[in-house]
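Hello,

Here is the structure I promised to pass on. My notes follow it.

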Amino acid sequence: MSQTTGSDAATSTNAPAVPNPDRLTLVPIEDRAWFELLSRPDYPAIEQQIYDVGACENPVWLSGRTLLVAVATGEIVSSWSSAGTPFGAIPLRCMNRRATRCASCSRLYAGDAFQLVRAGLSGGKGVPDTVAGHPLVFATLTAPSFGPVHRRPNPDRPRDVCRARRGKPRCAHGVAMTCQQQHEPGDLLIGQPLCVACYDYPGHVLWNAGASALWARMVDFLYWRLARAGGIPRPYIRRTLRIEYVRVAEYQARGLVHFHAAFRLDGPEDRSQEPPAWATAELLADAIGQAASAARLRLAETVEIGAPVLHFGRQLDARPIVLDTGLPAERAAGYLAKYVTKGTEDAHGADRPITHRSQIAALARTEHVRALMYSCRTVGALAPYEALGLHRWTHMLGFGGQPLTKTRRYSSTFAALRQARADFRSTQPPSSDGQETLRDSLWRYAWQGWPSVTIAEQAAGVREAIEHNREVARGTADGRGAV
């Protein structure tokens with residue numbers, strides 16, 4: 001009988017198989033969670049939940065049920081519960097307008113803002129098309145100076161240096177008041193004061209806090225200027241015409257807000273009415289400049305600060321909008337809408353509330369922003385200025401107004417646009433066989449955010465795919481083709 005050698009024993013069919021280390025494939029630990037997610041039976045439903053909220057970065061989850069009850073008999077015609085979903089809850093968008101917090105929801109917010117602005121200029125969304133023939137003006141109102149700062153480069157002259165201040169070579173503290181550097185876009189030095197000791201930080205945060213009230217004072221002055229131009233007594237000007245506007249607040253690099261706005265003149269009763277013939281767009285633009293220059297808002301006097309008087313800066317731009325081809329309306333709407341998704345990012349501020357002074361050092365990116373935030377806490381503690389809410393709006397450098405504000409009759413509302421979108425996307429109601437039914441819903445908050453890091457990464461991938469498809473579609477629509 002022949003004996004089997006060691007090498008033959010290794011290849012014998014009766015011998016146990018020995019794995020080859022060179023051919024062994026192991027799943028990395030970081031990829032195991034992906035395989036577990038993809039192997040779940042309900043993965044298609046999870047992916048559908050991600051798409052349903054547009055790959056929101058921080059969705060809000062609700063659990064509960066909805067019943068459709070027949071009014072006559074009290075019988076439950078149909079029911080739906082979140083218990084049948086993958087995680088026992090359904091996600092909703094966080095609806096955060098800030099691009100730094102949720103890129104998906106901020107884009108949706110900007111799209112709604114674009115529709116609101118455009119409808120007020122050229123009609124649509126419930127606004128008559130005749131408003132395109134009314135006097136229209138686009139204006140920009142800036143804040144005054146509270147001290148010399150480093151300036152951003154002029155896009156028309158890329159080699160231009162800062163030249164922040166000419167004239168006096170040094171301030172009272174011995175700091176040079178000139179700068180010959182060539183600041184690149186994104187330089188943290190842009191907007192920073194040349195001399196921190198000379199800069200009026202209390203006046204800066206108080207201006208931000210009172211900017212909305214100063215705007216309201218300017219609108220009153222604007223009515224008075226139009227009344228004078230038309231030879232109408234002030235109390236009767238609103239019976240002759242109405243000023244409708246949409247206003248967007250933007251942060252400059254120095255941390256001050258300035259306003260971009262689109263103005264429209266309507267008749268006194270309805271936005272479909274035309275204003276008087278003497279109320280032209282050129283007259284409105286001139287009146288805006290006069291009203292902005294004359295508007296003043298005096299704040300309470302304190303021993304520490306004195307009696308601040310708020311006013312707009314000297315840089316003012318007001319020009320008529322001419323809707324010959326419709327493109328100016330689109331440009332103005334896009335120009336305003338792109339700012340509503342921003343907060344204090346251009347000023348290197350924070351995108352979340354600050355509840356204690358100890359948080360300022362970690363959240364502020366520059367010494368200038370840090371000094372502004374400390375000033376909000378210090379000035380806000382003074383009794384005459386407590387009502388301004390500087391403590392609450394420390395992360396906004398004192399500005400507590402809305403990023404987009406409009407008059408009631410200018411155009412539609414965010415709520416109406418969201419409701420129209422929800423009605424369009426909603427499924428058909430379940431059949432009730434012609435019975436009168438009543439919807440009974442009971443939903444409660446479950447949690448916020450994606451259930452796991454893996455699902456959050458999957459949502460990020462979906463978000464990138466959606467953005468890529470949007471860019472390809474935009475390139476095709478513009479005639480450039482997909483790239």
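Two strands count as paired if DSSP finds at least two bridges between them. Helices (H or I, at least four residues) and strands (E, at least two) are DSSP runs, numbered from the N terminus. This is a predicted model: local features need pLDDT of at least 70, side-chain atom pairs count only at pLDDT 80 or more, and totals for chains, interfaces and linings use all residues. Residues are numbered from 1 along each chain as its sequence is written, and side-chain values use heavy atoms, with hydrogens and water left out.

The sheet. An open sheet has 5 strands in the order β9-β4-β6-β5-β10, with antiparallel pairing. β9 (316-320) and β10 (404-406) are at the edges with a single partner strand each, so one side of each has no neighbour in the sheet. On average, neighbouring strands of this sheet are turned by 15° against each other, direction ignored. Strands β5 (residues 242-251) and β6 (residues 257-266) run antiparallel and are joined by 10 bridges. Ala249 has Phe259 of β6 as its bridge partner.

Helix on sheet. Helix α6 (residues 281-294) lies across β4 (136-141), β6 and β9. α6 runs at about 165° to β9. Axes are lines fitted to C-alpha atoms, for helices over the stretch in contact (heavy atoms within 4.5 Å). Angles run from 0 to 180 degrees between N-to-C directions.

Helix α5 on α6. Helix α5 (residues 201-230) packs against α6 at about 130°, with the axes 8 Å apart. The two are therefore oblique to each other. (Under 35 degrees counts as roughly parallel, over 145 as roughly antiparallel, 65 to 115 as roughly perpendicular, the rest as oblique.) On the α5 side the contact includes Met218, Phe221 and Leu222; on the α6 side it includes Leu283, Leu284 and Ala287.

Helix α4 on α10. Helix α4 (residues 103-122) and helix α10 (residues 414-425) pack at about 115°, with their axes 10 Å apart. That makes α4 roughly perpendicular to α10. Among the contact residues are Leu108, Tyr109 and Asp112 of α4, and Phe414 and Arg418 of α10.

Aromatics. The whole structure has 14 aromatic pairs. (Rings of Phe, Tyr and Trp, its six-membered ring, pair if their centres lie within 6.5 Å; planes under 30 degrees apart are stacked, over 60 edge-to-face, the rest tilted.) One of them is Trp80 with Trp443, a tilted pair at 5.8 Å centre to centre and 35° between the planes. Trp80 is in strand β2 (residues 76-81) and Trp443 in strand β11 (residues 437-448), 363 residues apart.

Best regards
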